[in-house]
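This briefing goes through one protein model by topic. Have the sequence and the structure open while reading.

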Amino acid sequence: MEQVIRVTKTQKSFITEKGQCVQALKDINFEVGAHEFICLVGPSGCGKSTLLRIIAGLEQASSGSVMYQDTPIRAPHRQIGMVFQEYSLFPWRTVLDNVATGMEFAGYERRNRERRALDYLQLVGLESFTQAFPYELSGGMQQRVAIARALATDPDVLLMDEPFGALDAYTRIVLQKELLRIWQTNRKTILFVTHSVDEAIFLADRIFVMSATPGMIREIIDVPMPRPRDRANPRYGALAVHILARLEQETVHAAQ
Ligand SMILES: Nc1ncnc2c1ncn2[C@@H]1O[C@H](COP(=O)(O)OP(=O)(O)OP(=O)(O)O)[C@@H](O)[C@H]1O
């Protein structure tokens with residue numbers, strides 16, 4: 001399988017406002033293949049968002065190397081898109097313009113933007129809301145707009161930082177299924193941060209379990225179950241028990 005993202009011996013430290021050094025990530029090593037769906041889980045504050053921001057080129061690693069194909073990532077890259085937990089839409093722009101704006105930043109010509117925006121809004125089921133403003137939409141609909149905006153620039157890699165974290169349980173399940181449908185159609189490579197072990201098992205090809213601060217990758221778990229995954233399958237439950245126990249160990253370890 002072609003490797004798309006390669007993270008090698010990566011560390012990240014921050015200097016706080018009080019001048020203290022906080023090590024957020026320690027010796028991170030992994031590769032992500034083309035079209036893989038990876039979920040990252042780990043205790044709160046273990047560096048998941050930091051890792052994603054480094055891969056997005058929004059933050060620099062303190063040491064180590066982070067590559068997209070053969071290129072070191074040092075700044076935001078056209079082929080790497082990101083979706084955040086907060087819907088991060090422009091409140092003064094319509095749904096259509098929000099999606100088109102992403103393409104404007106990515107350098108798409110004006111005449112292509114509207115057509116593509118419509119195509120992607122259709123993909124996420126919002127074709128009848130093109131002229132609505134974000135405040136007129138539910139949280140789930142706003143997150144669909146954010147996903148359409150990220151996909152419309154046709155990135156190779158999609159980084160998703162707790163994108164469904166603020167949604168109610170039912171909307172979350174609906175969007176998980178939608179995301180899988182889109183991923184299966186568009187064959188993106190996805191790195192998805194979640195606090196939900198259930199969500200990770202439902203979505204991922206592989207789950208990276210991180211340790212508490214400083215974040216390291218403790219375990220990489222293959223999820224070989226065919227999709228759509230059945231939450232009632234005993235293997236699903238057994239995997240959830242295993243990962244939850246691992247996370248509990250990490251949290252207890254960190255508290256000692
Ligand atoms: N800009 C910054 N300055 C100083 N410290 C930071 C900065 N950004 C992150 N940190 C620290 O780095 C560590 C990792 O933070 P990060 O937000 O990546 O964790 P996380 O796993 O995404 O957390 P959560 O699951 O709660 O969202 C934390 O200790 C955090 O306080």
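How many bridges join strand β1 to strand β4? Five bridges join them, and the two strands run antiparallel. The model is predicted. The points below cover the sheet, a pair of helices, the ligand shell and some backbone details.

**The sheet**

- Strand β1 covers residues 3-15 and strand β4 covers residues 63-68.
- Within this pair, Val-7 has Val-66 of β4 opposite.
- β1 and β4 belong to an open sheet of four strands, ordered β2-β1-β4-β5 and paired in antiparallel fashion.
- The edges are taken by β2 (21-33) and β5 (71-72); each has a single partner strand, so one side of each lacks a neighbour in the sheet.
- Helix α1 (residues 48-55) packs on the sheet and touches β1, β2 and β4. The direction of α1 makes about 60 degrees with that of β2.

**Helices α3 and α4**

- Helix α3 (residues 110-123) packs with helix α4 (residues 139-152) at an angle of about 130 degrees, and their axes are 9 Å apart.
- Because of that angle, α3 counts as oblique to α4.
- The crossing of α3 past α4 is right-handed.
- On the α3 side, the contact is made by Arg-116, Ala-117, Tyr-120, Leu-121 and Leu-123. On the α4 side, Ala-148, Leu-151 and Ala-152 take part.
- Sorted by class, this contact of α3 with α4 holds seven nonpolar residues, no polar ones and one charged residue.

**Around the ligand**

- There are 13 residues around the ligand, and those that come nearest are Phe-14, Ala-24, Ser-44, Ser-49 and Thr-50.
- Which element gives the most to the shell around the ligand? It is α1, with three residues.
- By class, the shell has four nonpolar, eight polar and one charged residues.

**Backbone details**

- Thr-213 and Pro-214 are joined by a cis peptide bond, with omega about -10 degrees. Pro-214 sits in the loop between β9 (206-210) and β10 (217-222).
- A cis peptide bond also joins Arg-227 and Pro-228, with omega about 0 degrees. The loop between β10 and α7 (234-255) holds Pro-228.
- Gln-69 is not a glycine, yet its phi is positive, at about 50 degrees. Gln-69 is in the loop between β4 and β5.

Terms used: Residues are numbered from 1 along each chain as its sequence is written. This is a predicted model: local features need pLDDT of at least 70, side-chain atom pairs count only at pLDDT 80 or more; totals for chains, interfaces and linings use all residues. Two strands pair if DSSP finds at least two bridges between them. Two residues are in contact if their C-beta atoms, placed from the backbone, lie within 7 Å. Axes are lines fitted to C-alpha atoms, for helices over the stretch in contact, and angles run from 0 to 180 degrees between N-to-C directions. Angles under 35 degrees count as roughly parallel, over 145 as roughly antiparallel, 65 to 115 as roughly perpendicular and the rest as oblique. A crossing is left-handed if the near helix is turned anticlockwise from the far one by less than a right angle, and right-handed if clockwise. Ala, Val, Leu, Ile, Met, Phe, Trp, Tyr, Cys and Pro count as nonpolar, Asp, Glu, Lys and Arg as charged, and the others, Gly among them, as polar. A residue is near a molecule or strand if its C-beta atom, placed from the backbone, lies within 6 Å of it.
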